[in-house]
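Me: I would like to learn how to read a sheet and a chain contact from coordinates. Please take one structure as the case.

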Number of protein chains: 2
Amino acid sequence: MSHYPRPILELISQFTRLPGIGPKTAERLVIHLAGRPKPDLAAFARALENLAGNLVTCKECGTYAEKNPCGICGNTQRDRQLICVVAKPQDLLAIERTGDFPGRYHVLGGVFNPLEGVLLEQLRAAPLVERIRRDHVREVILAFNIDVAGEGTALAIKQLLQPFTSAKTLKITKLARGLPMGSDVEYADEVTLSNALQGRREV
Amino acid sequence: MSHYPRPILELISQFTRLPGIGPKTAERLVIHLAGRPKPDLAAFARALENLAGNLVTCKECGTYAEKNPCGICGNTQRDRQLICVVAKPQDLLAIERTGDFPGRYHVLGGVFNPLEGVLLEQLRAAPLVERIRRDHVREVILAFNIDVAGEGTALAIKQLLQPFTSAKTLKITKLARGLPMGSDVEYADEVTLSNALQGRREV
């Protein structure tokens, strides 16, 4: 690789810093880019600069946005007293795509992981408490991944919000567990089936 | 995806234009970049602009270089009368890494593929003929991939250079075929073994 001209080497090193991009993939991408017309490269560079210059973090919910507050937090039609807590902006967008959620969001910016030193202090937990107090939030929906880290985060948040729940001013809920769309009962794993049984609903 | 802020969407669309990067991967990369410090993004953008501004195609051999002619073509120590023909710059670099080749290179810029409209006219074949005539080249080594396209390209080049070979001024050779380093005879495929047998050498 060291035989490449310097501009190629430099761009390869930029690409290898991206998650999941190894040296070989980076080399392939950069060689592809080297063969593209110069205006294409300039457009790519501009898009990167735009990301640096025009993207902000919403002070309310913590998601990526073009303006502050973001479109959702700035929308007075959205229920202030219903907050869906997610780990990252992508999760917010996944829920927003359903078109079924009338409330607001709160992006934690990660999951509770004491083994790697990520405590609630490292996440956007204090601003959540502040919003609950300020807006008299009546329900917080925890929408974390269904895994150990997600469960741990839910527990930590539940403990943190205990003053509100014991005062009966706040309800904490989590996303339902069960069989995903299109699944076969025959092939579902035990935990999913067990969750689906426990969460059964009247028809 | 359409719920993302515009700067994110624009950069995602730039990434999806790269080979092997789908919308989901592009989204993941851009979200990662959105969380990186702004100077990092600026450095990435600069590296892209550098590629557009500082990379040239060597007029002699056709590889990517910082100057024209490239370091290899500008090196008077390298044998002008021995040319290794490769399909793309990456192949040139692979051979250069062996440190075993004293001659020069010629990058065709692709392989002969009449079904997709790639004839010798679309490749850098005419400049090769010109170099052979000008420098009285005595040997051309064809270093193409061992596949149908590589064989076809070798045949087409052989035909093109027929005037030189029949005048006995030029010899055309190709890379040896055989068992790669570290291989087991037991597990080698038939074609490789058959090539290894045909190309056997005295010990």
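**Sheet and contact**

Reply: In S5(A), Glu139(A) is the bridge partner of Leu82(A). This is a predicted model: local features need pLDDT of at least 70, side-chain atom pairs count only at pLDDT 80 or more, and totals for chains, interfaces and linings use all residues. Residues are numbered from 1 along each chain as its sequence is written, while chains are lettered from A and ligands numbered from 1 in the order in which they are written.

Me: How many bridges join S3 to S5 in chain A?

Reply: Two strands pair if DSSP finds at least two bridges between them. Helices (H or I, at least four residues) and strands (E, at least two) are DSSP runs, numbered from the N terminus. Here S3 (residues 82–86) and S5 (residues 139–142) of chain A run parallel and are joined by four bridges.

Me: In what order do the four strands form the open sheet of chain A?

Reply: The order is S4-S3-S5-S6, with parallel pairing. Strands S4 (104–107) and S6 (171–174) of chain A stand at the edges with a single partner strand each, so one side of each has no neighbour in the sheet. From one strand to the next the twist averages 25°; axes are lines fitted to C-alpha atoms, for helices over the stretch in contact, and angles run from 0 to 180 degrees between N-to-C directions.

Me: Which strands does helix H4 of chain A lie across?

Reply: Two residues are in contact if their C-beta atoms, placed from the backbone, lie within 7 Å. H4 (residues 89–98) lies across S3 and S4 of chain A, at about 130° to S3(A).

Me: How many residues does the contact take from chain A and from chain B?

Reply: It takes 39 residues from chain A and 39 residues from chain B. H3(A) gives the largest share of the chain A side, 13 residues.
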